[in-house]
Amino acid sequence: MHIMRKKLVFIFFLLLLSGFSIFLSYEFSEKKFLQSNDLHIIHNNENQIPFKKETLDIDYSFIEYYTLKDGDTLTSVLKKTKLTSREIDQLISSTIDKINVNKLKIGTRIEIISYLKDSEKTVREIIIYPNAENKINISKVKDKFIVEKDIKTLFSKNKFYEVKIDKSIYESLKQVEVPDNIIMEFVQLFSFDIDFQRDIRNGNSLKIMFDQYYDKYDNVVKTGSIYFAEINLLSNSYELYRFKSQDMVEYFNADGKSATKALMKTPINGARLSSGFGMRKHPILGYNKKHQGVDFAAPTGTPIMAAGTGHIEFVGNNGGAGKYIRIKHLNGYKTSYSHLSKYASGIKKNVRVTQGQTIGYVGNTGLSTGPHLHYEVIYNGERINPMKMKLPSGKKLEGENLKNFLLFKEKTDTEISLFKS
Ligand SMILES: [Zn+2]
């Protein structure tokens, strides 16, 4: 009898669990939206920012990216990363029977993630992309290298969340497992209009719709774009729609007013904010120093955009800043870009650049511990925090564009109401 009851309790629990998971999957079910084809293959493109399952929040970690050129082998690439030869030998000998590491094709992308252990560079993980569909993972677990080969065919799904803001936007979105870079993008979309420290109260809410890329095991491999974002404060609500007008994808509010401002806070796509503005321990110099800009971690070669329209004031080597560009904008603003690997063609002193134009590429020149962009905004000679600056708003859609936008907005609103019903 007793055993019987235990069994019943167990079955009841199972039912409860499955009911709960059905509820969850229903609640967070994905919907197709504005996507004619659900199947997306991520192309093997050097400028593609590879997804990191664990973003490296640990200090002094390194991510290095290589694309194999003629004559390269995995061994020769590993030697360039300054791993010890002991580490390289161990890696090659313990993986050679699983993958023919020295027969990888030209164009194969390799990511090497390492960290300092007893001041020696040590492998955490190596990811090899032999082609668009496959990747090979070599991870180091307890001093042993483990090889995983799998097929990575990606497809996208739309996600929608409506959450109450508890403590912070970051924490609220984190709780429903919205990826960090999407949260960052979300915050950035509103950061000209909302003072997050002062305006947000408990009980405020937000909505977000974005797409994510999955592999065949339903693992999130990469995030796409935010299609809709909304913040509801007690008095106001702010909503933004991603809309393509005149070959430009931008975010507009319900009236068709652009969220784009005179200067971009993040003049780079898909990068991760790796170091903010203010006091910090300098990663190379070691002592506490005010960080006069913000850092965005991104692979070497990632295009950097002009944050605003203006004229090139300086281009060239600039000491610890390495390859460096400074743009002079209107109204006392300047922006600067450090540690570049190279400049875009035509970028010369006094040349006019427009907002969003590629001016250079991410690199590791000057005093830098890994490929990243160090971005500064200078206002009347003083460095200010780009993530906090407030600037006048951009243009408003008119005529045919406005008409199309309003139709698009209606369609989006319908999609959202379907998610909620
Ligand atoms: Zn920096």
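Let's start in a loop. Glu177 sits between helix 4 (169-175) and helix 5 (180-190). Keep in mind that this is a predicted model. Phi of Glu177 is near 65°. That is a positive value, and the residue is not a glycine.

Next, Asp143. This one also belongs to a loop, the one between strand 4 (134-141) and strand 5 (144-151). Asp143 is exposed, with 7 other C-beta atoms within 10 Å.

Now the whole chain. The protein chain has seven helices and 23 strands. It runs to 421 residues, and 29% of them count as buried. What about contacts along the sequence? Take the contacts between residues at least 6 apart in sequence: 63% of these join residues at least 24 apart.

On to helix 7, residues 399-420.

Which residues of helix 7 are buried? Phe405, Ile416 and Phe419. Look down the axis of helix 7: the buried residues fall within an arc of 45°, so they line one face. An α-helix has 3.6 residues a turn, so residues three or four places apart point the same way.

What covers that buried set? The cover includes strand 6 (155-164), strand 7 (205-214) and strand 8 (220-232). Strand 9 (237-245) and strand 10 (248-252) are also part of the cover.

Turn to the other side of helix 7. Exposed residues there are Glu400, Lys403, Leu407, Glu410, Thr414, Ser417 and Leu418. Note that two leucines, Leu407 and Leu418, are on that list.

Last stop, Lys323. Lys323 is in strand 17, residues 323-328. Buried or exposed? Lys323 is buried, because 21 other C-beta atoms lie within 10 Å, and the cut-off for buried is 20 or more.

What does Lys323 touch, leaving aside neighbours within four places in sequence? Asn317, Leu340, Lys342, Tyr343, Gly363 and Thr365. So much for contacts; here is one distance. Lys323 and Gly366 are 43 residues apart in sequence. In space, C-alpha to C-alpha, Lys323 and Gly366 are 7.1 Å apart.

That's the tour. Questions, please.

How values were computed:
Residues are numbered from 1 along each chain as its sequence is written. This is a predicted model: local features need pLDDT of at least 70, side-chain atom pairs count only at pLDDT 80 or more; totals for chains, interfaces and linings use all residues. Helices (H or I, at least four residues) and strands (E, at least two) are DSSP runs, numbered from the N terminus. A residue is buried if 20 or more other C-beta atoms lie within 10 Å of its own, exposed if 12 or fewer, and partly exposed in between; C-beta atoms are placed from the backbone. Two residues are in contact if their C-beta atoms, placed from the backbone, lie within 7 Å. The expected span of a helix is 1.5 Å times one less than its number of residues. The arc is that of the directions from the helix axis to the C-beta atoms.
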